[in-house]
Amino acid sequence: MNATAMAALRLLGGVILAGLVWEGVVVLFGIRPHLLPRLSEILAAIAFTPGAYWAGLQRTAAETLIGFAAGTAVGIVNGLVFFRAPLLRDMLLPVFVVSQTIPVIAFGALVVMWFGNTLMAKAVIAFYLTFFPVTVNTLLGLNSVDPRQAALLRSFGATPTQILFRLQLPMALPQIFVALRLGASLSLVGAIVGEWFGDNTGIGVLLLQAMYNESVVALWAAILCAALLGTGFYALVAWAERRIVFWGAEQ
Amino acid sequence: MSGTSAARGVFGAVLILALWEVTARGFALPAYTLPAVTQILGAVWEHRAALQAAALVTGFEAITGYAIGALAGIGMATLLVLARPLRAGVLPLLLAINSVPVVAWSPLVLLWFGVGVSSKIVMVALAVGFTIFLSALAGFDRVDRRSVDLMRSFGAGRIGIFWRLRLPAALPLIAAGLRVATVRSLIVAIVTEMLGAYGGLGWIIYQSVTLIDFVQVWAAILVASTLSLAFFGAVGALERRFIFWR
């Protein structure tokens, strides 16, 4: 607890220091506000209409989290199915791998057409950006389990379900979390881009409005919100990883 | 063994395409739900001139930005490894920039560099640069502390250790970063084009969405996917050629 408090304090100190450096550098070097406004100006802009930024943050966070959670669940189940059914895996995995190399975000336009300008549409975009890496990494992790360990458990009379939950799934967790960390950033990108196809609230909308108004201060305010959400979400996943994969001390 | 799984893969792909075609045609799905595969291919053929011009624009942006980003990423990682004192100051700044989801920079970069090609190149270079910088840095840091000490005890300098030890150790990770970055370069180019451009696949996609021309959206996505696959395949082939010990 004390160590966490210390780490939090150090983090806070780092953020305050970074803010001071930002402010100082802009004033000292006379950087034009067109490039980089003073931090205090940006914070003042947020403080002027906190409601819009708070609503945007909440909305985008909801889209990201729903999509990420669904993508994780479906991805893990899908990885399990592929693991158990090699025929299905051989037939579908190549298509999956190829589909990872295509610019899936372009499908965002289609998803928004199908679901309308709803929270759901953005969650679906975040979903499929998370879903692919989680599926592939779940399968990778499950395949990396030593078959002799599974054979040993089986010789002690363990059922396939027991082997799955006691051995294979835990062994696959480090790989799954690699995909989850990737998915955490991808799902946020998906949500933001999804909002560009039309919406009223959200960080993506704030970015777009600021761009159309050519307001650099508002743009930076939205960028700060995006950074806050991205970092917070990533930290949450990393924290969960340390908690759940407590044995993965190699990192 | 691998022959059968490859055959199954081809079979699966064909099956999906056939299922798609039959579903779209059989249920007479409207184009906004799901156009048939043949319909999309027809649209690609019909608009081939426009799509080819757009693919050239997007491809140019992606490859130019990719080259700049790759050089900058590897260069920056090398610099930070060779000049330790620099690292403490520069790395937190870079990580802070990277903590922003990359697409959130797009509107700002558009304001700074205009609607033309240069803003897309900057965005691609940014995304590719960070991807490769982070994997190169992880690769350079991956070497065993004891190997470094051993080389130093034989009188190797910082540059000697980098050249003989760190770079070979980092190459697989850099190669992986280079591969992932191919896909990212096209995604970022397309996404930035959607916000504002004079041409390119992302611009066509955005235009078609506003015109509610769904088949055209699919056609542009198909071309973008082919471009992305070709780029990915080319970088993968180069990697197999040059990192022969993997």
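A nonpolar core is a set of buried Ala, Val, Leu, Ile, Met, Phe, Trp, Tyr and Cys residues joined through C-beta atoms within 7 Å. A residue is buried if 20 or more other C-beta atoms lie within 10 Å of its own, exposed if 12 or fewer, and partly exposed in between, with C-beta atoms placed from the backbone.

The model is predicted: local features need pLDDT of at least 70, side-chain atom pairs count only at pLDDT 80 or more, and totals for chains, interfaces and linings use all residues. Residues are numbered from 1 along each chain as its sequence is written, and chains are lettered from A and ligands numbered from 1 in the order in which they are written.

**Stop 1: the core.** Select A:L219, A:A222, B:V124, B:I190, B:I205 and B:A220, which touch the most other members of the largest nonpolar core, a set of 128 residues. Then select residues 117-141 of chain B: this is helix α6, which gives the core its largest share, 15 residues. Helices are DSSP runs of H or I with at least four residues, and strands are runs of E with at least two, numbered from the N terminus. Next, centre on A:A222. Leaving out residues up to four places away in sequence, A:A222 touches A:I203, A:L206, A:L207 and A:A210.

**Stop 2: where the chains meet.** Show both chains. Here 37 residues of chain B are in contact with 36 residues of chain A; contact means that the C-beta atoms, placed from the backbone, lie within 7 Å. On the chain B side, the elements giving two or more residues are α1 (2-26), α5 (106-113), α8 (158-195), α9 (201-210) and α10 (214-242). That side has 30 nonpolar, six polar and one charged residues. Ala, Val, Leu, Ile, Met, Phe, Trp, Tyr, Cys and Pro count as nonpolar, Asp, Glu, Lys and Arg as charged, and the others, Gly among them, as polar.

**Stop 3: two loops.** Select A:E214, in the loop between α9 (203-212) and α10 (216-244) of chain A. Its phi is near 50°, a positive value in a residue other than glycine. A:E214 counts as exposed because it has 11 C-beta neighbours inside 10 Å. Now go to B:A28, in the loop between α1 and α2 (37-46) of chain B. Phi of B:A28 is also positive, near 50°. B:A28 is exposed, with 7 other C-beta atoms within 10 Å.

**Stop 4: a helix residue.** Select B:I97 in helix α4 (residues 84-98) of chain B. B:I97 is partly exposed because it has 13 C-beta neighbours inside 10 Å.

Terms used:
Contact = placed C-beta atoms within 7 Å.
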